[in-house]
Amino acid sequence: MDFQVVVLAGGTSKNLVPLVSKELPKALLPVANRPVLSYVLELLELSNLKDIIVVAEGEDVALRIGSWISGAYDDRLRVEVTSVPEDVGTAGALRAISRHLTANDILVVSGDLVSDVPPGAVAATHRRNDAVVTAMLCSVPVSGSSESGSAGGKDKTKKAVVHNIVGLDPTKQFLLYIATGAEIEKDYKIQKSILRAVGQMDIRSDLMDAYMYAFKRSALQEVLDQKDTFRSLRQDVLPYLVRRQLRSEVLSNGTPRAEENGIEKVGSHKIQVLLSQILSNSSTTSFHDLYASGANGSIPVRKTHKCCVYIPTSSNYCARLFSIQSYSDINRDVIGEASHLSGYSFSAQNNIIQPSAQLGSKTTVGPHCMLGEGSQMGDKCSVKRSVIGRHCRIGSNVKIANSVVMDHVTIGDGCSIQGSVICSNVQLQERAVLRDCQVGAGFVVTAACEYKGEALARKEK
């Protein structure tokens with residue numbers, strides 16, 4: 001389809017400490033015992049999008065990602081791994097590699113996306129509408145779409161759930177309004193001039209920006225060149241293109257009236273009232289068709305760029321790994337309701353136990369579980385809804401539930417692990433108890449200690 005693909009792999013996200021480190025960047029975090037980046041790469045491969053630029057934050061991260069890709073995909077994909085400075089943001093990352101972008105259209109995908117939505121569908125929508133940008137918006141996961149995420153540990157402050165507030169035309173093809181980070185519990189504001197310009201708009205707070213965008217390269221390059229302070233595609237570039245779409249779509253005659261520059265304040269309790277007002281004369285005519293035809297007594301128009309959306313069906317799976325909570329949720333889903341994404345064949349017991357794994361007497365591994373290659377479990381153990389990595393050594397009378405245990409972990413007799421993430425090379429001595437904890441790589445949990453809601457990690461030297 002002559003699309004150039006850019007995968008933004010990130011670096012060592014602060015939201016994922018202590019799971020990530022210099023040795024294990026975010027892109028290589030295991031989801032069902034596979035690096036999370038593999039899910040995006042294989043999704044692209046299925047859509048025959050095989051020329052890919054992977055952008056990593058920091059040279060060390062780029063080297064680690066490049067080494068893994070060369071071993072896993074050398075004969076399947078044509079991947080160029082390049083590094084950008086840390087903390088430049090997603091827009092800054094594209095700006096830094098802009099000289100490598102040569103195709104007419106660019107598909108930008110986050111490396112933390114786990115989904116079964118074909119990128120080719122987004123690309124096709126983009127081409128069909130001759131859009132300057134097409135964004136994929138998915139249903140918000142049950143656990144919420146907050147990109148701040150819970151970092152676990154002792155911080156028990158409840159963080160506000162972050163929503164995207166989006167406005168769509170009645171056909172749900174065009175993106176007319178977007179506000180990121182608005183909190184549904186609070187009032188949010190929409191300019192009256194926007195409401196007057198679009199006439200009809202479906203306001204939604206149940207959609208998540210999946211961070212899969214198709215851009216017309218010329219438009220993207222223009223924004224990156226002219227707006228050198230823009231750091232984020234989601235928070236800066238996309239809202240800017242949407243606003244510019246409205247400004248250039250409807251050409252005002254004379255000076256706007258004072259109330260057109262006013263603010264419409266919309267509280268969550270008023271949302272239905274607002275929708276009934278905006279959609280009272282709704283039809284299936286799209287925003288751009290309405291104005292192109294001069295319908296509804298519209299003011300003069302000129303042809304302009306289009307900002308489009310692609311919204312998959314509710315049966316599709318779509319989630320992003322941007323917090324410890326989302327990491328746990330995605331692991332649970334990929335061995336549960338979204339098991340088709342795992343790449344493995346599940347047994348009649350609805351689990352995956354690798355042939356080289358060994359189970360002791362009276363040890364049970366329940367449904368929606370995974371036990372990796374070469375791992376050994378002692379007698380009378382119980383595993384429920386959990387992922388256990390490769391070459392782990394687990395003693396007797398160990399209980400593991402709703403947890404992720406990475407590779408080469410040693411767990412002593414009588415330990416209990418619930419709702420926790422245990423990183424590689426961790427040692428849990430006998431009778432240790434963990435509830436809702438994250439344990440960084442190489443940490444030693446001493447015998448008979450009990451932790452709840454803690455983030456445990458070795459002190460950096």
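Guide: Leaving aside its neighbours within four places in sequence, Ala432 is in contact (heavy atoms within 4.5 Å) with Gly414, Cys415 and Ser416, and also with Val445, Thr446, Ala448 and Cys449. You'll find Ala432 in the loop between β29 (427–428) and β30 (433–435); helices (H or I, at least four residues) and strands (E, at least two) are DSSP runs numbered from the N terminus. Ala432 counts as buried because its relative accessibility is 0%; buried means under 20% relative accessible area, exposed over 50%, partly exposed in between, with a 1.4 Å probe and protein chains only. For a distance to check yourself, go from Ala432 to Val398: they sit 34 residues apart in sequence, and C-alpha to C-alpha they are 9.8 Å apart.

Keep in mind that this is a predicted model, where local features need pLDDT of at least 70 and side-chain atom pairs count only at pLDDT 80 or more, while totals for chains, interfaces and linings use all residues. Residues are numbered from 1 along each chain as its sequence is written, and side-chain values use heavy atoms, with hydrogens and water left out. The chain has a mean pLDDT (the predictor's confidence in each residue, from 0 to 100) of 84, and 78% of its residues reach 70 or more. Below 50 you have residues 148–160, a stretch with 22 contacts beyond near neighbours in sequence. Residues 267–284 are below 50 too, with 24 such contacts in the model.

Back to loops. Asn402 is in the one between β24 (399–401) and β25 (404–405). Its phi is positive, near 50 degrees, and Asn402 is not a glycine. With 44% relative accessibility, Asn402 counts as partly exposed. Asp130, in the loop between α4 and β8, also isn't a glycine and has a positive phi of about 50 degrees. Asp130 counts as partly exposed because its relative accessibility is 47%. Most residues other than glycine have a negative phi, and most peptide bonds are trans. The Val17 to Pro18 bond is cis, with omega near 10 degrees, and Pro18 is in the loop between β1 and β2 (30–31).

Now the sheet. Seven strands form an open sheet with mixed pairing, in the order β5-β4-β1-β6-β13-β8-β15; strands pair if DSSP finds at least two bridges between them. At the edges, β5 (78–84) and β15 (307–310) each pair on one side only. β4 (residues 51–57) runs parallel to β5, joined by seven bridges, and Asp51 has Arg78 as its bridge partner in β5. Helix α4 (residues 119–129) lies across β1 (3–10), β6 (105–110), β8 (133–139), β13 (207–216) and β15.

Ser47 is buried, since its relative accessible area is 18%. Not counting residues up to four places away in sequence, Ser47 touches Pro118, Pro119 and Gly120. After α1 comes Asn48, with a positive phi near 60 degrees.

How values were computed: Axes fitted to C-alpha atoms, helices over the stretch in contact; angles between N-to-C directions.
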